[in-house]
There are 2 protein chains.
Amino acid sequence: MSAKRKGRRVSAGELEILEVLWRHGEVTLSVAHRALGRDIGYTTVQTRLNRLVHKGLARRSADRPARYAAAVSQREISAGQLDLLLERVSGGSIVPLVAHLVEDHSLSVEEIEQLKRLIDKAEKNVEPR
Amino acid sequence: MSAKRKGRRVSAGELEILEVLWRHGEVTLSVAHRALGRDIGYTTVQTRLNRLVHKGLARRSADRPARYAAAVSQREISAGQLDLLLERVSGGSIVPLVAHLVEDHSLSVEEIEQLKRLIDKAEKNVEPR
DNA sequence: TGACAATTATGACGATCGTCGTAAAATGTC
DNA sequence: GACATTTTACGACGATCGTCATAATTGTCA
């Protein structure tokens, strides 16, 4: 398992930046700014990026127009966030969460298929109590 | 349907309290304190509760040993939080989230059953693109 | 009714967050 | 080289969060 269980706090704004990094791979400040562009100050993005780097959640290249990249995987973060939510809102029970996910969003046929596969796979691993 | 409670930020600590309220229905400060007990100051719980009330996320009875209760449903909050996460970490795609949920946690046979039912129900509502 | 206990009010403090301005420094352009 | 533009550094400010201490108020009962 991962030893990174340490309480990495990720704020909303940070997640917003991370999303850009995950999607673009590597970006300069100006690109990042444009990416989540419009109504957000340039230096605001700068600060957010800096703080991310400071926390070890992103890294910055040394060359001039510095390029930033995520230092944590999307999967890693989302798993952590999700588990937090799991504990916090449904006392660790996953069914209610999945319920909301599938009931309150429209799904495509492919998605249904994928979900079925996920469940089938999970079924094979039912813990033998 | 529900007017989506726009932009209510719910912090980690607040969620922790809300969880207690949801689980116990109505609690006095001292009960709440004991519920998430041990290493948390009494007045800390008090403050958290106060702030929750101030934000309209909980309400307090007028009678003496004041009883606190959640003013928002667990479902409402978790849905909001989950949707935020959805946008923020997987660009709106639910499959990855469900994947983490079912792959990285052990499920009971009953849970598998429930999940299957959920999927089946969702299948009947596949969006008619 | 006075002492002790439970409850509630008030205010404080440091950390983080979200926001940005200012301005220095590096780089690009004639 | 001089000027324009881009990139960085630095620091600031108000809001929220997490934490709690202390004081005031109210309830209990001997």
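Two strands pair if DSSP finds at least two bridges between them. Keep that in mind for the sheet, the opening stop of this tour. The model is predicted, with local features needing pLDDT of at least 70, side-chain atom pairs counting only at pLDDT 80 or more, and totals for chains, interfaces and linings using all residues. Residues are numbered from 1 along each chain as its sequence is written, while chains are lettered from A and ligands numbered from 1 in the order in which they are written.

**The sheet of chain A**

Select Val27(A), then look for Tyr68(A), its bridge partner in strand 3 of chain A. Helices (H or I, at least four residues) and strands (E, at least two) are DSSP runs, numbered from the N terminus. Now show strand 1 and strand 3 (residues 67-70) of chain A: three bridges join them, and they run antiparallel.

**Two crossing helices**

Next, pick helix 1 and helix 3 of chain A, whose axes come within 10 Å and cross at roughly 90°. Axes here are lines fitted to C-alpha atoms, for helices over the stretch in contact, and angles run from 0 to 180 degrees between N-to-C directions. To see where the helices touch, display Gly13(A), Glu14(A) and Ile17(A) from helix 1 against Arg48(A), Leu49(A) and Leu52(A) from helix 3. Contact means C-beta atoms, placed from the backbone, within 7 Å.

**The DNA strands**

Which residues are closest to DNA strand C? Of the 22 residues that surround DNA strand C, the closest are Gly13(A), Gly41(A), Thr43(A), Thr47(A) and Ala66(B). A residue is near a strand if its C-beta atom, placed from the backbone, lies within 6 Å of it. Helix 3 of chain A gives the largest share of this surface, five residues.

Turn to DNA strand D, with 21 residues around it; Ala66(A), Gly13(B), Gly41(B), Thr43(B) and Thr47(B) come nearest. Here the largest share, four residues, comes from helix 3 of chain B.

**Between the chains**

Finally, select the two protein chains: 38 residues of chain B are in contact with 41 residues of chain A. On the chain B side, helix 1, helix 4 (74-90), helix 5 (94-103) and helix 6 (109-123) each supply at least two residues.
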